[in-house]
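Take a first look at the chain below.

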Amino acid sequence: MERTDFGKYVAILQAQHNQRQVDMARVLSVSPAFLSRVETGVAKPPKAWVDSLSENYELSSEETEKLRELIQIERSKTSIIKNLAVDDQNLVLLLASKISSMTLIQKEKIKKLISEPDN
């Protein structure tokens with residue numbers, strides 16, 4: 001299964017610190033299997049992981065904020081989109097984050113675009 005953006009981020013942290021998944025799982029006090037499920041979007045990352053990862057990997061404030069954002073995105077995903085490919089999940093979340101600021105005309109254009117039969 002493909003890693004989410006959060007999964008890719010923690011994989012980079014592991015590589016930067018010459019660690020394996022089992023090492024990070026130990027830092028987070030979870031099993032490597034659970035960490036793998038979180039990395040692939042099957043399970044949601046706990047909010048407490050922001051502080052734990054930030055402290056243990058000495059993240060900058062910018063890196064911590066990026067981590068917080070990625071965790072929030074994963075926690076906000078619903079079961080409806082969990083079975084979609086990661087790119088499709090991100091597209092759905094982008095639309096959801098912008099829809100309240102769209103005009104009626106923009107919304108109608110999107111409806112028309114996605115309602116058209118595939119050619």
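What follows goes from the overall fold to the charged side chains.

This is a predicted model. Start with the secondary structure. The chain has eight helices and zero strands. Read from the N terminus, the order is α-α-α-α-α-α-α-α. The chain is more spread out than a compact globule, because its radius of gyration is 17 Å, while the globule rule gives 14 Å for 119 residues. Along the principal axes, the C-alpha atoms fill a box of roughly 50 × 30 × 20 Å. Of the 119 residues, 30% are buried.

Now look at the charges. The count of salt bridges comes to five. One of the pairs is Glu39 with Arg3, whose side chains meet at 3.6 Å, N to O. This pair links distant parts of the chain, 36 residues apart. Glu39 sits in helix α3, residues 32-39, and Arg3 lies in the segment before α1. Is Glu39 buried or exposed? Glu39 counts as buried, because its relative accessibility is 2% and the cut-off for buried is under 20%. Arg3 has a relative accessible area of 34%, so Arg3 is partly exposed.

Other bridges sit within a helix. Arg68 forms a salt bridge with Glu65, with the closest N and O atoms 3.4 Å apart. Why are these two about one helical turn from each other? Arg68 and Glu65 are separated by about one turn because they are three residues apart in helix α5, residues 61-76. Arg68 is partly exposed at 38% relative accessibility. Glu65 is partly exposed too, at 44%.

Helix α8, residues 104-115, holds another pair: Lys111 and Glu108, three residues apart, about one turn of the helix. They form a salt bridge, and their closest N and O atoms are 3.5 Å apart. Lys111 counts as partly exposed at 47% relative accessibility. Glu108 is partly exposed at 39%.

Salt bridges can also join into a group here. Arg20, Asp23 and Arg26 are linked in a network of salt bridges.

Finally, turn to the surface. Which residues gather in a patch of negative charge? They are Glu2, Asp5, Asp87 and Asp88. Take Asp87 as an example. Asp87 has its place in helix α7, residues 86-98. Asp87 counts as exposed because its relative accessibility is 57%, and exposed means over 50%.

Terms used. Residues are numbered from 1 along each chain as its sequence is written. This is a predicted model: local features need pLDDT of at least 70, side-chain atom pairs count only at pLDDT 80 or more; totals for chains, interfaces and linings use all residues. Side-chain values use heavy atoms; hydrogens and water are left out. Patches are made of residues with over 30% relative accessible area and no salt bridge: like charges are joined within 9 Å, nonpolar side chains (Val, Leu, Ile, Met, Phe, Trp, Tyr) within 5 Å. Accessible areas come from the Shrake-Rupley method with a 1.4 Å probe; for residues, only the protein chains shown count as cover. A salt bridge is a side-chain nitrogen of Lys or Arg within 4 Å of a carboxyl oxygen of Asp or Glu. Lys and Arg count as positive and Asp and Glu as negative; His and the chain ends are not counted. The place of a charge is taken as NZ of Lys, CZ of Arg, CG of Asp or CD of Glu. Helices (H or I, at least four residues) and strands (E, at least two) are DSSP runs, numbered from the N terminus. Buried means under 20% relative accessible area, exposed over 50%, partly exposed in between (1.4 Å probe, protein chains only). The radius of gyration is taken over C-alpha atoms; the globule rule is 2.2 Å times the number of residues to the power 0.38.
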